[in-house]
Amino acid sequence: MSGTVSPSPRTSPRTVLISGASIAGPALAHWLHRYGFAVTVVERAPELRTGGYKVDIRGAAVEVAERMGILADIQRASTDMRTGAYVNDDGKRIATLPAAIFGARVGRDDEIMRGDLARILYERTRADVEYVFGDSITSLTERPDEHGHGRGSDGTGGVDVTFERGAPRRFDLVVGADGVHSNVRRLAFGPEEQFVRHLGAYISAFSLPNELALDREELYHAVPGRLSCVYSSAGDPAAKGMLTFRSPRLAYARQPDRQLALLDAAFKDVGVRPSEGWTQIPRLLEAARAADDFYFDGLQLIEMDRWSRGRVVLLGDAAHCASPASGQGTGMALVGAYVLAGELAVAGRGPEEAFERYESELRGYVAVNHALAEKFAKDMTADTRRQIRFRHLMLRILPYMPWKNLVAKKIAEDVQRGANAITLKDHPAPAAATGHAPAAGHAPATGHAPAPGHPPAAGSPTYAA
């Protein structure tokens, strides 16, 4: 570009592509825009996904939500759960406790449907962030800057990105915030299998008619190796079902029909005959098959030595999934987005410095919550009916015991340790945003995509589908 002076990256908008429009991606987009970055979010789904189960906002995540200005929105959309109960095979409640004890929530901790939180984040960012739905990244190619440095410089280097549908584009940074089965992680780091550790169980969630007339209440039923749950939350006329079963890692295609077959096999004998499990189980299996928001996956951890490679970095479940067993995935996504954006905003020697500090701040927090996930994955399903009966007995007598508050505190202790296992930095208050995301279909301000078919520069790393 003879005769052209490259704009200073410290004063011009820097461009960031985020893959994933669930929780981590929009949360990061919020902060990056406030720090003056021009942000594009690409999402494979054709529109914002508003389904999912209830998620907890605890500890450090509450503080992040307050700093984002969305804590009041979360509180207004709270599930407002009242009680949780274990039921016998006939559905009779045999042990009931306040929902806050079941959820290990204290103080300002809250609970919200995943879809409601996604909507809050999207509405907060849609005017300032370019969202591209119905598309996905197919390759990532790092380009060297004017000094020949392909990684970690503040010059004109970047990442050339190709898409399934859209035209190729160049970005300064690419963030994979696209979940446990991250496409960006696969492209930049390799096959998923090398990073996954199975925790010995599978979980499914789905919507169903609220035929039990639940009102902000959750019901649990356990048989050896399996746990089922039905609940309703504030403002939702439908109910949600959850089925969990213990199993070694299974080899299966990620198609719903195959997943439903595994679920049917795991629960096929439960509730079919009297005294052999909750009589609602067959109905739950039917509801799972009919649901348009059916979810199924293993309880698994994502464990990686590094969360970044060159100008590509991972965030949230893509980097360090702690599985639904931890109850911390959403909080970790919000906290991680705050930390990553803050470090990018103040990094003086390029993105590698920011990525190193981001990892350094989060590693201990992630390690504590991974350990909790391992523990809770085992606790979710009991081995024997004797263990189940003992658990029911303890829960039944707890409200009448003089030491009930100490027990409730102990139940919450482990979860709260994970929720508060990080001290948040007070980053300088963001200045008014200096740039806007480019209009859909236009190349970002600081780079131009190569012509279709143009080969990568010699020595440039290429991550292709």
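**View 1. An open sheet of six strands in the predicted model.** The strands follow the order β7-β2-β1-β11-β18-β17, and their pairing is mixed. β7 (130-133) and β17 (308-309) stand at the edges; each has a single partner strand, so one side of each lacks a neighbour in the sheet. Strands of a sheet pair through backbone hydrogen bonds, in either a parallel or an antiparallel way.

**View 2. The pairing of β1 with β2.** Strand β1 covers residues 15-19 and strand β2 residues 38-43. The two run parallel and are joined by five bridges. Valine 16 has valine 39 in β2 as its bridge partner.

**View 3. The hairpin of β13 and β14.** Strand β13 (residues 217-223) runs antiparallel to β14, with six bridges between them. Tyrosine 220 stands opposite cysteine 229 in β14. Two residues lie between the strands of this hairpin, where glycine 225 takes a positive phi near 80°.

**View 4. Strand β14 and its pairing with β15.** β14 and β15 are also antiparallel, joined by six bridges. Here serine 228 stands opposite leucine 243 in β15. Five of the six residues of β14 are buried, so the strand is largely enclosed by the rest of the structure.

**View 5. The buried residues of helix α8.** The helix spans residues 281-290, and its buried residues are Ile281, Arg283, Leu284, Leu285, Ala287 and Ala288. An α-helix has 3.6 residues a turn, so residues three or four places apart point the same way.

Methods: Residues are numbered from 1 along each chain as its sequence is written. This is a predicted model: local features need pLDDT of at least 70, side-chain atom pairs count only at pLDDT 80 or more; totals for chains, interfaces and linings use all residues. Side-chain values use heavy atoms; hydrogens and water are left out. Buried means under 20% relative accessible area, exposed over 50%, partly exposed in between (1.4 Å probe, protein chains only). Helices (H or I, at least four residues) and strands (E, at least two) are DSSP runs, numbered from the N terminus. Two strands pair if DSSP finds at least two bridges between them.
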